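Here is a short briefing for a first look at this structure. Keep the view open while reading.

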Amino acid sequence: MKNFSSISDIEDINAWIDEAKSLKSNPYLHKNLGNNRTIGLFFFNSSLRTRLSTQKAALNLGMNTMVMNVSGDAWGIEFEDGTIMNGTTAEHIKEAAAVVSQYCDIIAVRAFPTLTDKVKDESEYVLKAFMKYATVPVVNMESATGHPLQGFTDAMTISENSQSKKPKVVLSWAPHVKSLPHAVANSFVQAMQKMDVEFIMTHPKGYELNPQIVGDTPVVYNQEEAFEKADFVYVKNWSSYKDYGKVLNTDPKWMITQNKLGNAKFMHCLPVRRNLIVEDAVLDSENSLVIQQANNRTFAAQLVLKKLLENA
Ligand SMILES: NCCC[C@H](NC(=O)CCC(=O)O)C(=O)O
Ligand SMILES: NC(=O)OP(=O)(O)O
């Protein structure tokens with residue numbers, strides 16, 4: 001693995017889950033692996049969990065960490081090739097990525113989509129430009145179309161909490177006031193497709209994700225029916241893919257309630273808006289796995305960094 005950009009970089013998800021679990025039980029076993037190595041974390045967008053858990057993962061491996069909020073703090077970066085740079089951008093990604101590679105042994109990048117230009121977002125031009133012009137490995141910390149560190153964490157958390165051999169996992173859309181990306185949902189779908197689970201999705205009509213990602217995963221448009229006998233309900237809002245970036249529905253009937261959930265475990269990547277996406281009673285119950293998910297982000301990242309360091 002040269003870079004970690006998507007769930008498809010995970011060759012054997014069960015082996016990865018076993019290894020991440022063993023890092024969780026012995027986090028400092030490889031505390032010298034990253035000695036004298038530096039990771040740089042570059043954020044074009046806000047973060048709490050990814051920013052801290054990826055640093056924590058690096059520190060557990062003995063690495064040094066540098067973090068930068070690119071938007072605002074760095075010079076505006078130009079991603080277009082051959083452009084006359086007489087606008088707001090001050091340096092090209094060709095120089096920026098090459099320069100950062102002088103200081104870092106691994107580069108991690110967060111860059112959300114525009115949600116207005118589908119072609120541009122799907123080109124993953126920010127992540128791909130870093131991968132093209134950096135001379136060190138690049139880690140995706142949530143790009144326009146994927147959040148593989150989250151998807152892998154979620155697979156690990158489901159494995160830790162599974163009571164049956166083949167649990168039923170449901171990905172449910174829930175309402176939100178803002179237009180949100182597809183990245184978390186996409187990576188969750190891709191992770192579940194690699195797992196031995198019964199996986200279905202539920203969302204209102206018009207919220208179909210990219211059909212190339214959904215593949216033959218069943219979609220049940222009736223949320224109540226989808227939740228029947230569910231072991232895990234993974235909840236996320238996303239904006240329309242077809243009517244790109246639009247909020248088509250804010251129907252509070254799609255909010256997750258204790259009553260709908262029954263005994264199923266509740267999962268969400270966080271941050272989550274209480275009583276809009278999910279009612280308090282669910283988040284405050286024993287069936288909520290959200291804090292365990294956030295904790296597992298460290299070990300998911302630690303495994304990825306360990307593999308990249310070992311590969312260097
Ligand atoms: N990294 C986890 C999710 C990040 C982002 N959520 C958000 O933007 C929520 C913002 C809000 O609730 O205002 C998303 O959906 O991809
Ligand atoms: N789940 C997640 O990626 O959280 P942050 O956006 O806070 O990093």
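The protein divides into domain 1 (7–146 + 297–311) and domain 2 (148–293). This is a predicted model. Its mean pLDDT is 98, and 100% of the residues reach 70 or more. The scores are ipTM 0.99 and pTM 0.98.

**How the domains meet**

- The centres of domain 1 and domain 2, taken over C-alpha atoms, are 25 Å apart.
- Domain 1 brings 27 residues to the contact, and domain 2 brings 23 residues.
- On the side of domain 1 that touches domain 2, the elements giving two or more residues are α1 (13–25), α2 and α13 (290–311).
- Of these, α1 gives the most, with five residues.
- That side of domain 1 has 15 nonpolar, six polar and six charged residues.

**Helix α13**

- α13 is one of the elements on the side of domain 1 that touches domain 2.
- The helix has 22 residues.
- From its first C-alpha to its last, α13 reaches 32 Å, close to the 32 Å expected at 1.5 Å a residue.
- α13 also bends, by about 25° at Asn-296.

**Ligand 2**

- The surrounding residues are Ser-47, Leu-48, Arg-49, Thr-50, Arg-51, Glu-142, Gln-150, Cys-269, Leu-270 and Pro-271.
- Helix α2 (residues 49–60) supplies the largest share of this shell, three residues.
- α2 also gives two or more residues to the side of domain 1 that touches domain 2.
- By class, the shell of ligand 2 has four nonpolar, three polar and three charged residues.

**Ligand 1**

- Around ligand 1 are Glu-142, Lys-178, Leu-180, Pro-181, Ala-183, Val-184, Cys-269, Pro-271 and Arg-273.
- This shell has six nonpolar and three charged residues, but no polar ones.
- Glu-142, Cys-269 and Pro-271 are around ligand 1, and these residues also surround ligand 2.

**Backbone details to look for**

- Most residues other than glycine have a negative phi, and most peptide bonds are trans.
- Which peptide bond is cis, with omega near 0°? The bond from Leu-270 to Pro-271 is.
- Pro-271 sits in the loop between β10 (265–267) and α12 (280–283).
- Leu-115 lies in the loop between β5 (106–110) and α5 (118–122).

Conventions. Residues are numbered from 1 along each chain as its sequence is written. Chains are lettered from A and ligands numbered from 1 in the order in which they are written. This is a predicted model: local features need pLDDT of at least 70, side-chain atom pairs count only at pLDDT 80 or more; totals for chains, interfaces and linings use all residues. A residue is near a molecule or strand if its C-beta atom, placed from the backbone, lies within 6 Å of it. Helices (H or I, at least four residues) and strands (E, at least two) are DSSP runs, numbered from the N terminus. Ala, Val, Leu, Ile, Met, Phe, Trp, Tyr, Cys and Pro count as nonpolar, Asp, Glu, Lys and Arg as charged, and the others, Gly among them, as polar. Domain bounds come from an automatic or database domain assignment. Two residues are in contact if their C-beta atoms, placed from the backbone, lie within 7 Å. The expected span of a helix is 1.5 Å times one less than its number of residues. The bend at a residue is the angle between axes fitted to the seven residues ending there and the seven starting there. pLDDT is the predictor's confidence in each residue, from 0 to 100.
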